[in-house]
Amino acid sequence: MSRRASRRGREVAVLLDDFGHRLPTAPAVPATQRERGPFTELVPRRGPRGRGRGRAATPAPLSVWRMTSEQTPVVWPLIATPGLPPTGAQMGIDLLSGGAFYCDPVGWVTDEDIPVTNPNVVVFGKPGRGKSATVKAFALRMLGYGYRTLILGDTKDEYEPLCRALGVEPFVIGSGLPARVNPLAFGPLGSGWDRLDAAEARRREAIMFARWLVLLRGLVGSQSVPFGPVEETAVGEALRLLTGYRSGATRLTEVTIPQLWRALDEPPDQLVTGCRYADRRHFLDATRTLRDALGALVKGSLAGLFDDHTTIAVDWRAPIQSLSLSRLEPLGDQAVGIALTCLNSWGQAMREIADPGDLRIVIRDETWRQMRLGAEAMKSLDANLRLSRRDADVQILLAHKPSDMLTAGDATSQAVAIARDLLHLCDVKVLHGQDQAVADELGSLLGLTPTVQRVVTGWAVAGKGRALWLVGDRAYKVQTVLTAPELRLTDTNEALTAGRPA
């Protein structure tokens with residue numbers, strides 16, 4: 001035995017073995033093969049040597065940037081933005097984050113963490129890219145959250161299948177049809193007038209007459225007739241006399257546009273005196289163009305549609321209501337635009353005293369036709385968008401492209417300036433696929449960067465239902481997902497596919 005072994009001594013297992021005791025031995029653990037890394041060898045900074053191996057003469061320069069999370073989206077504008085809360089209608093998939101995308105305009109306004117100050121929505125997209133289907137799906141899904149939908153002017157009967165599926169028959173307005181709408185109707189403000197105190201009566205009077213003046217200013221302006229202080233004084237005084245407000249009547253009388261025109265064309269002495277004219281001839285000379293413009297409306301292509309008392313009984317508790325204007329298409333864009341202006345005023349009247357919590361989605365299709373009537377006609381639409389927060393309404397405007405709103409006049413006109421402001425009154429913008437020629441419009445009118453423009457003119461065009469959602473200053477790439485029943489209700493190609501073999 002070596003000196004080292006004797007000095008170390010015998011192990012315990014050996015000693016026990018001398019006395020016939022053996023300790024159990026642990027099984028040998030097989031050696032595991034080390035997993036091979038993804039990189040078999042390190043690549044030199046200048047690249048591997050050899051023909052076609054990508055070797056560089058000098059190392060590639062690398063720049064290091066330090067920034068905050070607020071500055072990062074400026075450099076990479078399409079990284080996943082902060083997600084929206086899962087409230088409202090689930091519209092589809094947010095392809096930037098991979099999660100579900102929800103739309104809740106009113107909830108976004110009340111959430112201080114979301115940069116949205118109004119619930120208005122504007123939807124752009126070339127025909128066939130799914131903008132109508134997206135809007136219909138949103139209106140249908142928001143029924144579960146207590147919202148009702150009002151379509152003020154269905155110019156192509158796109159919403160009739162949706163109405164009938166919900167058990168509501170849409171109203172149809174056209175020549176020879178019995179439906180009539182009086183844009184000068186009192187609405188809820190005229191009810192219980194005899195029980196109002198003086199202060200409440202003055203408040204309601206100011207609201208009603210202001211709405212009527214906005215409407216008449218737009219209708220007269222559509223005939224290229226100015227509507228200044230002289231015309232406003234004459235119309236306002238005539239309305240107060242015809243309704244009985246000037247004489248202190250306990251029950252007001254509803255006025256129609258033909259009655260207003262006849263009162264101005266054959267003015268009573270009280271109207272001439274109230275407008276501070278020397279005599280009747282002086283009044284007629286000063287209001288000649290105003291009377292001619294109203295007369296053209298009464299006797300023109302829309303005669304009998306908006307110049308009588310309302311004959312339809314709208315159930316405002318129904319889930320959806322629609323007024324179809326497709327029968328007016330043969331009359332031209334101006335006639336349809338005037339009809340949209342009248343329906344706009346009438347719809348506003350019906351919402352002037354809404355119950356708390358009565359949330360409504362107001363869909364306005366083909367708004368560019370109303371805008372082409374001029375600046376005065378656009379002021380009515382502008383007023384509705386500005387009052388959406390007060391009325392708890394989600395105003396949805398549909399158009400093909402942003403420049404459609406700029407066809408209201410010359411580039412430097414007041415109408416174009418108002419049209420540009422309308423875009424800023426919609427904090428939520430849904431941009432479906434567009435042609436490449438529209439890219440410059442998106443950049444100049446909506447302030448989109450070239451990278452974001454390519455999303456609208458490239459990715460969004462490649463599939464139906466794709467859209468770039470701008471919620472305030474946040475961008476989301478969203479693919480709208482429709483169920484099988486929704487596909488049947490939102491199909492706008494029925495006229496193209498009818499009669500074709502399956």
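## An enclosed helix

Helix 5 (residues 131-141) has ten of its eleven residues buried, so it is largely enclosed by the rest of the structure; buried here means under 20% relative accessible area, with exposed over 50% and partly exposed in between, for a 1.4 Å probe and protein chains only. The buried residues of helix 5 are K131, S132, A133, T134, V135, K136, A137, F138, A139 and R141. Helices (H or I, at least four residues) and strands (E, at least two) are DSSP runs, numbered from the N terminus.

This is a predicted model, in which local features need pLDDT of at least 70 and side-chain atom pairs count only at pLDDT 80 or more, while totals for chains, interfaces and linings use all residues. Residues are numbered from 1 along each chain as its sequence is written, and side-chain values use heavy atoms, with hydrogens and water left out.

Eleven strands form an open sheet with mixed pairing, in the order 2-1-11-10-9-3-8-7-4-6-5, where two strands pair if DSSP finds at least two bridges between them. At its edges are strand 2 (100-103) and strand 5 (171-172), each of which pairs on one side only. Strand 1 (residues 89-94) and strand 2 run antiparallel and are joined by four bridges, and I93 has A100 of strand 2 as its bridge partner.

Strand 8 (residues 393-399) is mostly covered, with seven of its seven residues buried. In a regular strand the side chains alternate between the two faces of the sheet. Helix 15 (residues 375-386) lies across strand 7 and strand 8, and runs at about 135° to strand 8.

## Two helices side by side

The axes of helix 7 (residues 198-221) and helix 13 (residues 333-350) come within 10 Å and cross at roughly 175°; such axes are lines fitted to C-alpha atoms, for helices over the stretch in contact, and the angles run from 0 to 180 degrees between N-to-C directions. That angle makes helix 7 roughly antiparallel to helix 13, a description used for angles over 145 degrees. The contact, meaning heavy atoms within 4.5 Å, is made by R211, L215 and L219 of helix 7 and by I338, T341, C342, S345, Q348 and A349 of helix 13.

F306 has its place in the loop between helix 12 and strand 6 (320-324), and is buried, with a relative accessible area of 4%. Leaving aside neighbours within four places in sequence, F306 is in contact with I173, V181, P183, I257, A339, C342 and L343. The C-alpha atoms of F306 and I257 are separated by 7.7 Å, although these residues are 49 residues apart along the chain.

Methods
Angles under 35 degrees count as roughly parallel, over 145 as roughly antiparallel, 65 to 115 as roughly perpendicular and the rest as oblique.
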